[in-house]
Amino acid sequence: MSGVARPDRRAVAFGGLAATFAAALATPAAAQVRVERAPSAAAPKPLPFLAGGRVVSEGEGLTYQWPGVYFEAAFTGDSVFFRVGPGDQILHLLIDGRRVGEMIRPDPGLYRITGLERAAHCVRIDVVSEHQAGPARFDGFALDGDGVARSRPRRLRQIEFIGDSHTVGYGVGLDRRECTTQEVWASTDNTMAFGPLTARRHQADYQINAISGRGVVRNYGGAALPTLPQAYPYALFDGTTRYEATDWSPQVVVVDLGTNDFSTPLGAGEPWATREALSADYEATYVRFVQTLRARNGDAFLILMIPPSAEDEIAVAVGRVAEQLKTAGEDRLAVLSTGALAFTACDWHPSRRDQEQIAGVLSAFLDAHPEVWSRGEP
């Protein structure tokens, strides 16, 4: 988490507006709310804000590539500005918890949400898309001369989710298995994935450190890309910008990995001669990764999820991982099964109902073990 005012007084060009805005408000008064491009002459004053997820401060803005990033601020007034930087991204705009618009691949520049009642408000922007091809950027909120900044209380709870496309929310917005590449990108929505669903139920800030197609030792189809444990130490997918955060110390860390390691047959040239050798490597690497998470996160409670797999291959391997960790002294660890899933979203991925089911499994466990949140709570 990080939160600072980030002014940006660069002129805004009125080039092509590659954004779509979709109002989603229920009351007549809210119907007056508009999202519009702000004129280049506007000179708003910066509004302090909080950023959730992994972000990198660069100049006057924030750059990010991991999914699940969000920005929040509080103010009193009837409008609020925000500045979008470059990068293909989908943004959901919320005022006081209500969706007021959606921006799809917005042009960089200054925008304004207007038509609000002059009162105290909270503004939130969720970055719901996945960005494996390159990072995106956000340059902060601002107010006009009549607006007044208010403090946005930090949540006491923090929870981190580590995983693959199931954790990303890949294609969850479409309830069909056959999707084009563009449809997958447009229907991926991390706010519908089990991580943010669980975090919202427990009033927790969250990080989503997940990449579609990645595994513990083997990526989908044996793709020669960094595995999730190899990418995890970095704030961006460049393998050089390391992630360092003094204000991120989750009480709970949830890991859901294994689908990509085991879901496709081994191919010629891969380093494992048999499935047994793959499983052994997976187990040893997973143990080391969890031990790294333990060293990084102190006394956080660790939860290992078991997604469905043929012949319970993942369940057996994760069970062995948990046994090895407990034998080595790990005593703040649980293993949870997602249960059977329908996989009716794009490319046989978890549907919205599946995601809600996984969130339900996690929430039931957290409700039954409130002590996992005790660090940091009054």
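Leaving aside neighbours within four places in sequence, T259 is in contact (heavy atoms within 4.5 Å) with D164, H166, P307 and I314. The model is predicted: local features need pLDDT of at least 70, side-chain atom pairs count only at pLDDT 80 or more, and totals for chains, interfaces and linings use all residues. Residues are numbered from 1 along each chain as its sequence is written, and side-chain values use heavy atoms, with hydrogens and water left out.

T259 lies in helix α5, residues 259-262. Helices (H or I, at least four residues) and strands (E, at least two) are DSSP runs, numbered from the N terminus. T259 counts as buried because its relative accessibility is 17%. Buried means under 20% relative accessible area, exposed means over 50%, and partly exposed lies in between, with a 1.4 Å probe and protein chains only.

One of the contacts of T259, I314, also takes part in the packing of helix α7 against helix α6. Helix α6 spans residues 275-297 and helix α7 spans residues 313-327. Their axes come within 9 Å and cross at roughly 45°. Axes are lines fitted to C-alpha atoms, for helices over the stretch in contact, and angles run from 0 to 180 degrees between N-to-C directions. The two helices are therefore oblique to each other. Angles under 35 degrees count as roughly parallel, over 145 as roughly antiparallel, 65 to 115 as roughly perpendicular and the rest as oblique. The crossing of α6 and α7 is right-handed. A crossing is left-handed if the near helix is turned anticlockwise from the far one by less than a right angle, and right-handed if clockwise.

On the α6 side, the contact is made by R275, S279, Y282, E283, Y286, V287, V290 and Q291. On the α7 side, it is made by E313, I314, A317, V318, R320, V321, Q324 and L325. These residues divide into nine nonpolar, three polar and four charged. Ala, Val, Leu, Ile, Met, Phe, Trp, Tyr, Cys and Pro count as nonpolar, Asp, Glu, Lys and Arg as charged, and the others, Gly among them, as polar. V316 is also found in helix α7. It counts as partly exposed because its relative accessibility is 42%. V316 and G147 are 169 residues apart in sequence and 57 Å apart in space, C-alpha to C-alpha.

The crossing of α3 and α8 is right-handed. Helix α3 contributes F194, L197, T198 and R201 to the contact. Helix α8 contributes Q355, E356, I358, A359, G360, L362, S363 and L366. By class, the contact has six nonpolar, four polar and two charged residues.

An open sheet of five strands has the order β15-β14-β16-β17-β18, with parallel pairing. Two strands pair if DSSP finds at least two bridges between them. Strands β15 (204-210) and β18 (333-337) stand at the edges, each with a single partner strand, so one side of each is left without a neighbour in the sheet. The twist averages 20° from one strand to the next. Strand β17, residues 301-306, pairs with β18 in the parallel sense over five bridges. Here L304 stands opposite V335 in β18. Helix α8, residues 352-368, packs on this sheet. It touches β14 (157-163), β16 (252-256), β17 and β18, and its direction makes about 145° with that of β17.

Strand β6, residues 70-77, is mostly covered, with seven of its eight residues buried. Antiparallel pairing joins β6 to strand β3, residues 50-52, through three bridges. The bridge partner of A51 in β6 is F71. Eight bridges join β6 to strand β11, residues 119-127, again antiparallel. A74 stands opposite C122 in β11. Three bridges join β6 to strand β13, residues 148-150, and these two strands also run antiparallel. T76 stands opposite V148 in β13.

Q182 lies in helix α2, residues 181-187. Its relative accessibility is 41%, so Q182 counts as partly exposed. Q182 and G68 are 114 residues apart in sequence and 19 Å apart in space, C-alpha to C-alpha.
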